[in-house]
Amino acid sequence: MIFTVAIIGAIAGWIFAELETYGLVIGGMIGALAGLAMRFAVRHEIAKATAGLHMQIDVLRAAVKDASAPNVRPDPTAAAEPVATPSQRPVAAATAAPPAVRARSQVTSPAYSPPPRVQTPAAPDPVSEMAGKVVAAIRNWLFGGNTIVRVGLVILFVGLSFLASYAASVGLFPIELRLALIAIAGMALLVVGFQTRVKRPEFGLTLQGGGVATLYLTLFAAARLFDVVPAIAAFVLMILVCALGCALALLQRSQPMAMTSFAGGFAVPLLLSTGGGNIAAVFAYYTVLNLAILFIAQRQSWRGLNLIGFFATFGITSVWMAMSYQPTDYPAAQAFVIVSVLIYLATAVLYTRGTPGRLGNMVDTTLLFGPALAGFGLQVALVHDRPFGSAFAALGFALMYLGVAAFTLRYRRESFRVMNEAMLAIGIGFVTLAVPLALGATWTSAVWALEGAGAFWVGMRQARWMPRLFGLLLQLAAAFAYVIGSGENISALPIANPAVVGAMLIALSALVTAWWLRKPLAHSGSWFAERYAPAEAALGVPVFLFGFAFWWAAWIFEITRALPPVVRSGLPPEHVFDLAIRFLLVMLAYVLSAFGAQAVARRTGWSVAAWPSRASLIVLALAFFAQVGSGGHVLDTPGWAIWIVAAAIHLRMLYLNDATDATEAPGLRSLLGATHVGGVWLATLMLADCLWLGVDHADLWDTSWAGLTFQASVLAVLVLLTAWAGRSLKAQAKRWPLDRHAVAYAWYAALPIAALAFFGALATATIASGRTDPLPYLPLLNPVDLTLALSLAALELWRRAIVAANPAVPGSTALGETPALAALAGLAFIMVNTVWMRAAHHLLGIEWNPEALLASVVVQTGIAILWTVLALGLMIAAHRRGQRKMWLVGAGLLGLTVVKLLLVDLNAAGGGARIIAFIVVGVLMLVVGYMAPLPPRASEAPAPGDAQQAGAAT
């Protein structure tokens with residue numbers, strides 16, 4: 001390995017140093033160091049991979065040696081000790097020793113008997129195995145066959161260079177003679193190699209290849225380095241050398257010889273070019289070379305030679321187009337590109353004809369898709385400034401591929417099955433691509449997406465993983481190019497504009513690829529294919545979502561389209577739809593697309609196609625917030641019609657998902673339940689938006705009607721959920737959606753609404769003044785007080801429905817405990833107090849603000865009397881029911897009233913108000929003491945006999 005890499009490095013250094021000796025020496029030293037490092041790395045990996053195998057071999061050798069050794073007699077002096085056989089003692093010692101020592105003893109001890117177990121050899125490291133294969137391929141390429149001959153040829157070549165350098169340094173021979181001697185040596189190699197082609201084929205081919213290379217380098221040096229041969233003469237001579245090498249290759253059926261000859265032939269113009277000249281002549285020369293490759297392809301399926309010609313032709317042409325193209329070169333360049341595409345497409349067909357495979361004849365995907373990619377790119381560069389030039393180019397490529405497919409379908413339908421289908425896919429792709437190109441869309445992203453889908457399809461048909469991976473990466477690159485190049489869609493054409501059609505082509509390519517990925521695809525079984533297969537199997541879902549996203553994006557581009565200034569008579573571009581409507585149309589586009597995908601999923605069993613339908617609620621919610629944020633409302637025209645259609649489709653998809661996913665994973669059922677819950681919340685927000693619009697149009701923001709409207713809507717939703725879903729908590733419903741989502745509606749959806757109703761009632765009680773014009777104010781019968789009473793009733797109704805559920809609703813036990821009852825009681829207490837304050841505001845003319853109300857003597861007196869009445873009611877009810885806790889609550893409220901009298905009313909009240917407060921409270925306390933004494937504890941309740949004795953004693 002060291003010698004091989006050193007020779008390669010020496011030759012490379014000698015060439016890069018312009019045939020100077022120092023380059024040969026330095027390159028050889030660098031190559032030797034590189035070869036040493038490669039040998040060390042390879043040996044280390046081999047030793048690491050075979051360590052287990054060497055250990056087993058050493059153990060087996062020790063076992064064989066132990067079996068052949070004579071038995072050892074025990075020592076008579078050790079009779080008192082347990083006698084152990086020689087094979088037992090090392091085993092015990094090895095067992096007691098540490099692992100490392102035990103391993104050494106098993107190998108080195110002559111009396112060791114290995115345990116009867118079979119160890120599985122360690123699997124070879126795949127990286128080391130691949131590195132070994134690469135090194136072996138290089139070694140076989142350079143030293144395969146007759147190693148001595150090939151190494152000797154390299155040494156002879158280096159020796160000739162040394163001779164030429166020495167002769168030049170001492171001026172021994174003129175340069176013309178030195179070059180002639182080297183050329184004669186090259187021709188001698190050709191002659192000797194050709195004469196020995198029958199007896200020693202590899203020896204002869206090696207000499208012939210060296211002779212061709214020597215002649216190429218000699219002519220190059222004579223024309224460019226030393227200027228002793230005219231460029232035209234060197235050009236003609238190099239063509240003759242190339243033709244001679246091709247003839248020898250065909251005669252001896254040697255692909256390496258042909259590759260060497262054509263590589264030199266394509267390099268001739270580059271080696272002899274001075275920056276000028278007639279480009280038409282160069283194109284004519286390359287056309288002759290390509291025709292020669294086509295001629296060889298009729299007789300030999302040499303893929304390496306075909307690829308050299310393809311990459312050299314289109315690579316050199318692309319560089320020339322980028323650096324030196326002038327408009328005057330258009331005819332020659334156009335003709336050359338067309339002829340080259342036709343030649344290599346024909347070469348691909350000939351390769352398929354001569355290469356049978358498992359699923360029909362094999363297809364060279366590089367030559368099949370390469371002319372489409374490279375040739376179309378060159379065509380676009382040539383005709384991009386001409387009206388509809390790219391579109392006509394796409395149509396031309398479509399006609400070419402479809403024409404070849406039609407011909408091969410007629411004569412080679414079965415054997416060319418894979419190639420025919422691939423050509424049909426490419427042709428149809430170009431036909432589709434012609435539409436956006438005719439409208440001015442860039443070709444890059446669309447053609448990459450279509451070609452990526454085609455490459456994936458070919459890889460699928462041929463069970464090859466690499467074209468499939470290339471196709472996926474090409475589609476990803478197409479999407480990236482589209483996103484980078486996309487901007488505002490300004491077009492007068494609806495739908496059939498470049499932005500929309502381009503996104504649709506990317507989407508369709510991805511969706512078709514996702515359809516192919518719905519099942520595991522066959523592969524070749526190689527090491528790379530085995531490791532790529534699990535990753536590919538997991539790509540079906542993301543590729544579908546990627547395609548669906550681009551499908552939706554296509555409609556978004558159409559919805560956000562703006563009219564060009566020409567259409568608008570010189571005015572600046574203006575969007576077709578208003579901002580609020582654009583949000584709703586984007587939502588509608590998603591919902592309709594998801595509904596269509598769900599239909600596909602139901603018909604084909606393609607489960608991933610139903611995924612977008614499960615996210616429709618998120619899109620509806622985003623559209624609602626976007627519409628409200630832009631100043632719109634649900635009831636705006638025509639927004640309300642869009643909302644009706646979108647909501648109907650959403651409910652239909654939800655119903656179908658419930659019917660389809662009922663037997664699937666629990667995670668899907670939870671997701672569907674969350675969708676039902678979120679739908680209730682979104683509907684509540686939409687109802688609030690409608691009421692907001694009504695309040696705004698009626699100019700009710702300065703009255704209590706505004707707050708009452710929203711509070712009443714929340715109460716209506718809560719009561720509806722309680723009356724509709726609450727019954728299903730006791731008896732199982734039979735109709736959708738309560739047959740499976742009763743708990744979701746009655747508990748999870750209603751819980752935040754109940755909390756909103758609770759805090760809304762609290763805010764209404766403390767903020768609403770009771771002004772409900774044009775209705776007059778009536779205590780207890782005004783809209784505010786009635787709404788508060790309804791709030792309390794709705795909350796209690798919902799609480800009892802949840803508590804009475806059978807089976808119990810998870811997480812709802814807190815509603816039946818004291819804190820929940822205390823919260824409702826506190827809300828009722830605040831409501832009662834604010835009822836009196838609103839009455840004082842309206843009937844007594846006290847201002848509705850905290851400072852004025854709390855400073856009013858009449859209000860404070862009324863609060864004291866009210867608290868006492870409430871305490872009286874609680875204590876009497878507690879006494880009759882025997883509820884000691886309720887009585888203590890009333891007593892606490894009564895004590896709070898007394899504290900208020902002493903701290904507030906006694907200092908702030910005037911004479912009349914103070915007298916009334918103290919008298920009324922005192923009389924009520926006497927009534928309480930007489931009618932509602934403290935109930936006894938349950939453990940202190942007297943027995944019937946004790947009660948009679950107590951009565952007799954009294």
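I note at the start that this is a predicted model. I looked up the salt bridges and found seven in the structure.

I took Arg468 and Glu536 next. They form a salt bridge, with the closest N and O atoms 2.7 Å apart. Arg468 lies in helix H19 (residues 465–485) and Glu536 in helix H21 (residues 527–537), so the pair ties together parts 68 residues apart in sequence. Arg468 has 1% relative accessibility and counts as buried. Glu536, at 4%, is buried too, because the cut-off is under 20%.

Then I went to Arg838. Its salt bridge partner is Asp785, with 2.9 Å between the closest N and O atoms. Arg838 sits in helix H31 (residues 818–844) and Asp785 in helix H30 (residues 783–803), so this pair ties together parts 53 residues apart in sequence. Arg838 is buried at 0% relative accessible area. Asp785 counts as buried at 6%.

I stayed with H30 for Glu796 and Arg799. Their side chains meet in a salt bridge at 2.8 Å, N to O. Both lie in H30, three residues apart, about one turn of the helix. Salt bridges with shared partners join Glu796, Arg799 and Arg800 into one network. Arg799 is buried, at 12% relative accessibility.

Last, I looked up the helix pair. H13 (residues 303–323) and H15 (residues 365–383) pack at about 15°, with axes 11 Å apart. That angle makes H13 roughly parallel to H15. Their crossing is left-handed. Contact residues include Phe310, Phe311 and Phe314 of H13 and Gly370, Pro371 and Ala374 of H15. By class I have 11 nonpolar, six polar and one charged residues in this contact.

Conventions:
Residues numbered from 1 in each chain as written. Predicted model: local features only at pLDDT ≥ 70, side-chain atom pairs only at ≥ 80, totals over all residues. Heavy atoms only, no water. Axes fitted to C-alpha atoms, helices over the stretch in contact; angles between N-to-C directions. Helix = DSSP H or I, 4+ residues; strand = E, 2+ residues; numbered from the N terminus. Parallel < 35°, antiparallel > 145°, perpendicular 65-115°, else oblique. Left-handed = near helix turned anticlockwise from the far one by under 90°. Contact = heavy atoms within 4.5 Å. Nonpolar A, V, L, I, M, F, W, Y, C, P; charged D, E, K, R; others polar. Salt bridge = Lys/Arg side-chain N within 4 Å of Asp/Glu carboxyl O. Buried < 20%, exposed > 50% of the residue type's maximum accessible area, 1.4 Å probe, protein only.
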